[in-house]
Amino acid sequence: MSSEMPGGAKPIRLRPRRECPICKAAAKQKYHPFCSGRCADVDLHRWLGGTYAIPSEDPPDFEDGEGWDEGEHA
Ligand SMILES: [Zn+2]
């Protein structure tokens, strides 16, 4: 015997609630995945500033002094 109650079906939430990666507020579909155009803009600038610019790598330390014996006193 199966006793299923008609009309009592619970809708499954297909859309998980997302948080704005910028301010952690509830994201809005219009600005997905952000909560507002402002946050989207902030993220965009982060991208432009962080990805487009090549990060300056620290130059390798030059070992000077030790073992450097070249024409000290001719
Ligand atoms: Zn936000």
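Let me start with E19. Leaving out residues up to four places away in sequence, E19 touches K24, A25, A26 and A27. This is a predicted model, so please take every value I quote as computed. E19 sits in the segment before helix 1. Is E19 buried, exposed or in between? E19 counts as partly exposed because 14 other C-beta atoms lie within 10 Å, and the partly exposed class falls between 12 or fewer for exposed and 20 or more for buried. There is also a pairing across the sequence: E19 and F34 are 15 residues apart along the chain, with their C-alpha atoms 7.2 Å apart in space.

Now to one of the residues that E19 touches, K24. K24 too is placed in the segment before helix 1. As background, most residues other than glycine have a negative phi, and most peptide bonds are trans. As for its surroundings, K24 counts as exposed because it has 10 C-beta neighbours inside 10 Å.

The one from H32 to P33 is cis, with omega near 0°. P33 is in the segment before helix 1, and that helix covers 37-50.

Next, the overall picture. How many helices and strands does the protein have? The secondary structure comes to one helix and zero strands. The protein has 74 residues, of which 7% count as buried.

Which residues make up the largest nonpolar core? That core has five members: C20, A27, F34, C35 and C39.

C35 is worth a slide of its own. Setting aside neighbours within four places in sequence, C35 is in contact with C20, C23, A25, A26, A27 and K28.

Last, R38, which lies in helix 1. R38 is partly exposed because 13 other C-beta atoms are found within 10 Å. Where does I22 stand relative to R38? The two are 16 residues apart along the chain, and their C-alpha atoms are separated by 9.6 Å.

That is what I have; I'll take questions now.

Note on methods: Residues are numbered from 1 along each chain as its sequence is written. This is a predicted model: local features need pLDDT of at least 70, side-chain atom pairs count only at pLDDT 80 or more; totals for chains, interfaces and linings use all residues. Helices (H or I, at least four residues) and strands (E, at least two) are DSSP runs, numbered from the N terminus. A nonpolar core is a set of buried Ala, Val, Leu, Ile, Met, Phe, Trp, Tyr and Cys residues joined through C-beta atoms within 7 Å. Two residues are in contact if their C-beta atoms, placed from the backbone, lie within 7 Å.
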